[in-house]
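I opened a new structure today and kept notes as I went. Here they are, in the order I made them.

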Amino acid sequence: MALVNEHFLKLPNNYLFADIAKKVNAFKVSHPKADVISLGIGDVTQPLCPAVLEAMHKAVDEMASKDTFRGYGPEQGYQFLREAIVKNDFVARGIHLDPSEIFVNDGAKSDTGNFQELVRWDNSIGVTDPIYPVYIDSNVMIGRAGELDEDGKWSNVTYMPCTAENGFNPELPDKRVDVIYLCYPNNPTGTVITRDELRKWVNYAIKNDALIFYDAAYEAYIQDEDIPHSIYEIKGARKVAVEFHSFSKTAGFTGIRCGYTVVPKELTVATLKGERIPLNHLWYRRQCTKFNGTSYISQRAAEAIYTPEGKEQVKATIDYYMNNARTMYNTLTELGLEVYGGRNAPYIWVKTPNDMSSWKFFEQMLYEAHVVCTPGVGFGPSGEGYIRLTAFGDADDCKEAMERLKKWLS
Ligand SMILES: *Cc1c(COP(=O)(O)O)cnc(C)c1O
């Protein structure tokens, strides 16, 4: 008899974005003339930049000729891309990595979900709350998260609240955690971490022999000079941290699929006997078996982001989104709302007025202003009482949505 992995059955059936779509569709059916603007989407909307397109066309043409055709690529990714990553994303910031420490992937979701396979099922995990759902769900699937309590928390997960009260700086956990997930700039709150705060986490991990999974998917949105772009800017981080990057939000690659994971050679975890095992080799071994790589065409596309034209064009699109973020931040602040994020990230995190619940505010905004947001509670218990807006929309839609909120709230 084949038995199911019952851990999968513990996952809540309802997926946040499916719930939202259902409510929006119900509204549209009863209000067929209403023009609904979504500021809830987490996907980008602007097209790929010309430098990327040119590189992709060229790569496609190479596939047409016997001499330049490419089949299976190297499991870790092509050397040309890993070298461009090291040179531009790290050496340029004074971080020296070897291309063998870079693993090209098909996006950060896969690797942030899969990397936990390399540590035992009975490690304890700590997450900032609210959080990108992949971190917890992937631990649920393998049986590490325990059971879902009535308060919406998993029994074996340590939640580190990030709220306005603590300035979205989570406190170090008061009980032992072996694996810590951090994401900065943060999805969903749009807030960032300072170098001093990040140093606290690295030092905690060194002292407690813990492992940090650092999700830097929004690093390209950082505007302030003194905000760290990589955890490896902190001394000692190479011994304790894996870092995930993605070209999805940086360069509109959500449909192309490419990112990378950094696994430094110095990073080790222990066996029960106390022997130290380097994770770089283990991840390489895992990827050789389970990962087919991302296409040659996608990797050439990613390489083009690092050319002078590519850099300029990618920055222009990021500026476009950050302009939306500024419009939203300013309008909502003027309306007297408590607004967070949006300065170094494409997300705005808004406190609901009068302690209204996230879903209630979502519904009112939909019914009265015809604007869709994402209820904060969908990202974890500490997200209750907040909503998330994204800057990834069209600039005109974003302006129109702000006009509607002005009318609605004033
Ligand atoms: C969008 C996102 C990712 C990246 O997803 P891809 O798989 O690279 O498209 C990773 N982490 C967070 C927090 C995200 O919001």
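This is a predicted model: local features need pLDDT of at least 70, side-chain atom pairs count only at pLDDT 80 or more; totals for chains, interfaces and linings use all residues.

**Entry: helix α11 on its own**

I began with α11, residues 358-369. I counted twelve residues in α11, with 16 Å from the first C-alpha to the last. That is close to the 16 Å expected at 1.5 Å a residue.

Which residues of α11 are buried? I found S358, F361, F362, M365, L366 and A369. They cover an arc of only 135 degrees around the axis, so they sit on the same side of α11.

Next I looked up what covers these buried residues. The cover includes α1, β13 (371-372), β14 (374-375), β15 (386-390) and α12 (395-409).

I also checked what comes after the helix. H370 follows α11, and its phi is positive, near 60 degrees.

**Entry: α1 against α11**

Helix α1 spans residues 16-30. It packs on α11 at an angle of about 35 degrees, and the axes are 11 Å apart. The crossing of α1 and α11 is right-handed.

Which residues meet here? From α1, I noted L16, D19, I20, K23, V24 and F27. From α11, I noted W359, F362, E363, L366 and Y367. By class, this contact of α1 with α11 has eight nonpolar residues, three charged and no polar ones. F362 and L366 turn up in this contact and are also on my list of buried residues in α11.

I then went to the loop between β12 (347-351) and α11. N354 lies in this loop. Its phi is near 55 degrees, a positive value in a residue other than glycine. Is N354 buried or exposed? N354 is exposed, with a relative accessible area of 75%.

D355 is in the loop between β12 and α11 too. Phi of D355 is also positive, near 55 degrees, and D355 is not a glycine. D355 counts as exposed because its relative accessibility is 66%, and the cut-off for exposed is over 50%.

**Entry: α2 against α9**

On the α2 side, I listed A51, V52, A55, M56, A59, V60, E62 and M63. On the α9 side, I listed Y296, I297, R300, A301 and A304. How many residues of each class are in this contact? The contact of α2 with α9 has eleven nonpolar, two charged and no polar residues.

**Entry: how enclosed is α9?**

I counted burial along α9. Seven of its nine residues are buried, so α9 is largely enclosed by the rest of the structure. The buried residues are Y296, S298, Q299, R300, A301, A302 and A304. I looked up what they pack against: α2, α3 (79-90), β2 (102-105), α7 and α10 (308-334).

**Entry: S248 in α7**

With α7 on that list, I picked out one of its residues. S248 lies in α7, which runs over residues 247-251. Why does S248 count as buried? Its relative accessibility is 4%, and buried means under 20%. I left aside its neighbours within four places in sequence. S248 is then in contact with V44, F253, T254, R257 and C258.

**Entry: A108 in α4**

A108 is in helix α4, residues 108-114. At 7% relative accessibility, A108 counts as buried. Beyond neighbours within four places in sequence, A108 is in contact with F244, H245 and S246. I also took a distance from A108 to N208, 100 residues apart along the chain. Their C-alpha atoms are separated by 26 Å.

**Entry: cis peptide bonds**

Last, I looked up two cis bonds. One joins D129 and P130, with omega about 5 degrees. P130 is in the loop between β3 (125-129) and α5 (134-141). The other cis bond runs from N187 to P188, with omega near 15 degrees. Where is P188 found? P188 is in the loop between β5 (179-183) and α6 (195-208).

Notes
Residues are numbered from 1 along each chain as its sequence is written. Side-chain values use heavy atoms; hydrogens and water are left out. Axes are lines fitted to C-alpha atoms, for helices over the stretch in contact, and angles run from 0 to 180 degrees between N-to-C directions. Helices (H or I, at least four residues) and strands (E, at least two) are DSSP runs, numbered from the N terminus. A crossing is left-handed if the near helix is turned anticlockwise from the far one by less than a right angle, and right-handed if clockwise. Contact means heavy atoms within 4.5 Å. Ala, Val, Leu, Ile, Met, Phe, Trp, Tyr, Cys and Pro count as nonpolar, Asp, Glu, Lys and Arg as charged, and the others, Gly among them, as polar. The expected span of a helix is 1.5 Å times one less than its number of residues. Buried means under 20% relative accessible area, exposed over 50%, partly exposed in between (1.4 Å probe, protein chains only). The arc is that of the directions from the helix axis to the C-beta atoms.
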